[in-house]
Amino acid sequence: MVQFSLSPFERLAHTRPVLDLIAFYVAVDPFLGPPSNLVSLLLASRTVHEHLCVKNNPHLYSDIFRYKFDVAALERRLSPTWTSASCLANELRLRCVALKYIRRGRVSGPPDRDALWRSYLMMLENEGGNEQHLCQWANLPQWALSAVALRCLPLRDYDDLPPDPEGTSLALWLLWMTSKRVRSEGINPCSMVLSSVSPLLVRGYQYPSFFAPDTHFYLPLCDEHDTITAGFSGATTLVSSVYYCAHQLQLAVPPLTPAALLNYLVRREARQDNARLHPQVADLPATRQEAIARGISAPALTQEDVAEFHYHTRTHFFNNPRSHGGRSVSETLDVEWFRLVSCHDLWDVERPLRGIVYSLGTFAGNWSGRMILPDTQTHINATLDHRIHPNSVQMVQERVSCRFEEHHCLRFSEPLVAPLCPSGSGGEDILNAWLPRNTRIRRKANGLQIFDPNTGKDTWYETYCPDRTQPYSPAACQRLLNESGMGWYRRSPSASAADDDEYEDYVEETLSGVLDIIITGETSEKQGEAWGYYSYIGRVRRWDGLVVLLRIPVRSPFIPCALPAFHIPSPIRWTNRHMTVADVTSSKVTSMGRASLVGGEIP
């Protein structure tokens with residue numbers, strides 16, 4: 001009887017596919033922005049509203065979410081309990097609120113928090129659709145620029161810290177992720193960004209650079225280790241909580257210093273495009289041949305070397321398509337995601353959502369970039385006299401170019417023991433790249449034989465060749481195939497886990513058989529002739545993929561010096577063979593071109 005009192009249109013509510021299809025196509029046209037056209041349909045009548053509301057029809061809003069936003073990364077990184085219809089419907093509402101907030105263009109400190117996190121996570125999931133909503137509809141680049149200005153420009157004194165370190169870090173990362181047109185950015189915005197981020201680099205020791213102090217090689221810490229040894233990596237990273245896909249998710253705030261560096265570099269390099277070389281460059285030999293003819297011994301610069309560095313050594317932008325190596329855009333960002341969700345608690349052994357944080361072979365290959373150092377005396381003066389503004393500290397650049405190799409300790413060998421810090425201050429020996437002092441290394445076919453003087457034992461590290469079908473020697477590959485699988489996989493939660501208010505699933509990995517990674521490298525002959533010859537040795541921390549390198553001059557009177565510790569960045573921090581490094585001990589920062597490790601063995 002009631003059904004006959006309904007209008008013909010309202011009766012469609014009893015023919016679910018028809019009204020749902022009408023609502024879906026109304027909602028997704030236009031593609032960009034929230035499904036605002038759906039409002040008129042919801043107001044048509046009480047019957048239509050009751051049928052189409054989120055509470056009664058979450059599948060409709062889940063379908064709208066899947067059409068408008070990128071879901072491949074969500075489904076790859078999380079279990080179905082996170083991507084159910086009700087979860088995606090809830091996430092659709094929150095994303096629409098964030099998009100509208102960003103589109104209004106106003107920034108106001110703490111109220112920005114949800115929009116900052118929501119847009120940052122959307123960019124980590126981006127396959128093209130998310131970026132369209134954020135950049136084309138909501139104008140995220142301009143909003144991120146305003147968010148950085150709000151948080152950084154008020155800093156006046158040397159001791160000033162950003163009033164909102166969490167928001168500052170997220171704003172800087174979003175600005176980097178959307179900085180694809182800096183050459184047309186305009187003088188005023190470019191100058192504003194440089195003025196904002198320069199103090200963050202000069203005072204890098206005050207801000208988080210990594211997910212955990214670089215003094216610790218063995219993580220997570222045991223329960224008895226109730227204190228963290230302060231290192232050279234700045235403040236400990238912050239931890240935040242975000243409501244994400246209808247779940248409360250704990251995340252590490254992405255480190256601030258690398259984002260500041262990337263924003264600084266791309267704008268500094270853009271200015272160099274049209275800048276003439278210093279007049280004194282004309283006094284140098286024009287080419288290497290001329291230098292040899294003039295009896296100038298290497299290492300020595302030529303005009304050709306300086307011009308190549310000045311005009312052609314560049315930091316590539318976020319998600320450069322040439323950097324994906326056959327993977328989707330979001331797949332290249334998986335390591336960044338897993339660092340956020342699993343590297344926020346130094347004592348957490350379980351880490352339910354842990355995944356690959358270092359992809360095997362990432363470091364192997366040719367690297368090229370620049371090292372930025374503050375003028376030593378000016379920096380010391382600014383540190384001692386807080387009246388001197390950080391922007392008065394001049395930054396100088398140095399060329400970095402080398403070829404690196406990865407060497408893996410496989411499960412049938414015993415990895416080197418990271419020695420304790422010699423000073424007794426706690427942690428492991430970061431100043432020697434977590435390697436035993438006086439270690440003897442012999443390069444042999446297929447790997448390195450390393451003698452540890454502390455244990456009196458030799459151990460073997462296989463050289464990893466990512467471009468080969470069999471990345472190790474035939475004998476090592478055969479043993480690995482017999483003993484372990486490769487890659488990683490996911491399993492659904494148990495029934496009891498699904499009732500837990502914490503994470504409802506676990507990401508697991510089959511073991512690759514890799515227990516430890518050592519990295520070696522050396523400068524190419526061409527770059528060595530110009531900028532000096534160096535050899536490198538370092539180690540990867542399996543907890544979060546942090547890498548520490550020692551740079552040792554070869555055929556040079558200079559003493560060995562430590563290259564800063566750094567994470568091998570995902571394409572958030574490098575694209576098309578580019579990466580970023582920050583040394584907070586001397587405020588030395590390095591941008592190098594190139595372009596997963598979890599407790600126990602490396603997945």
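A salt bridge is a side-chain nitrogen of Lys or Arg within 4 Å of a carboxyl oxygen of Asp or Glu. The structure above holds 24 of these salt bridges. Keep in mind that this is a predicted model, in which local features need pLDDT of at least 70 and side-chain atom pairs count only at pLDDT 80 or more, while totals for chains, interfaces and linings use all residues. Residues are numbered from 1 along each chain as its sequence is written, and side-chain values use heavy atoms, with hydrogens and water left out.

Let's start with the charged pairs. Side chains of opposite charge can pair when their charged atoms come close. Take Arg 66 and Glu 75, whose side chains meet in a salt bridge with 2.5 Å from N to O. To say how open a residue is, we call it buried under 20% relative accessible area, exposed over 50%, and partly exposed in between (1.4 Å probe, protein chains only). Arg 66 has 32%, so it is partly exposed, and Glu 75, at 38%, also counts as partly exposed.

Next, look at Arg 288 and Glu 529, a salt bridge with its closest N and O atoms 3.7 Å apart. This pair links distant parts of the chain, 241 residues apart: Arg 288 sits in helix α14 (residues 288-293) and Glu 529 in helix α20 (residues 525-531). Helices (H or I, at least four residues) and strands (E, at least two) are DSSP runs, numbered from the N terminus. Arg 288 is buried, at 13% relative accessible area, whereas Glu 529 is partly exposed at 21%.

Strands get linked too. Glu 398 forms a salt bridge with Arg 551, with 3.1 Å between the closest N and O atoms. Here the partners are 153 residues apart, Glu 398 in strand β4 (residues 395-410) and Arg 551 in strand β12 (residues 546-554). Glu 398 is partly exposed at 21%, but Arg 551 is buried at 6%. There is also a network of salt bridges, which links Glu 91, Arg 95, Asp 114, Arg 118 and Glu 125.

Now for a pair of helices. Helix α12 (residues 187-202) and helix α13 (residues 256-272) pack at an angle of about 140 degrees, with their axes 9 Å apart. (Axes are lines fitted to C-alpha atoms, for helices over the stretch in contact, and angles run from 0 to 180 degrees between N-to-C directions.) That makes α12 oblique to α13, because angles under 35 degrees count as roughly parallel, over 145 as roughly antiparallel, 65 to 115 as roughly perpendicular and the rest as oblique.

Most residues other than glycine have a negative phi, and most peptide bonds are trans. Yet a cis peptide bond joins Asp 29 and Pro 30, with omega about 5 degrees; Pro 30 is in the loop between α2 (16-27) and α3 (38-42). Another cis peptide bond joins Leu 219 and Pro 220, with omega about 0 degrees, and Pro 220 lies in the loop between α12 and β1 (239-244).

Which residues have a positive phi without being glycine? Cys 245 does, with phi near 50 degrees, and Trp 434 does, with phi near 60 degrees. Cys 245 is in the loop between β1 and β2 (247-252), and Trp 434 is in the loop between β4 and β5 (440-444). Cys 245 is buried, at 0% relative accessibility, and Trp 434 is buried at 0%.
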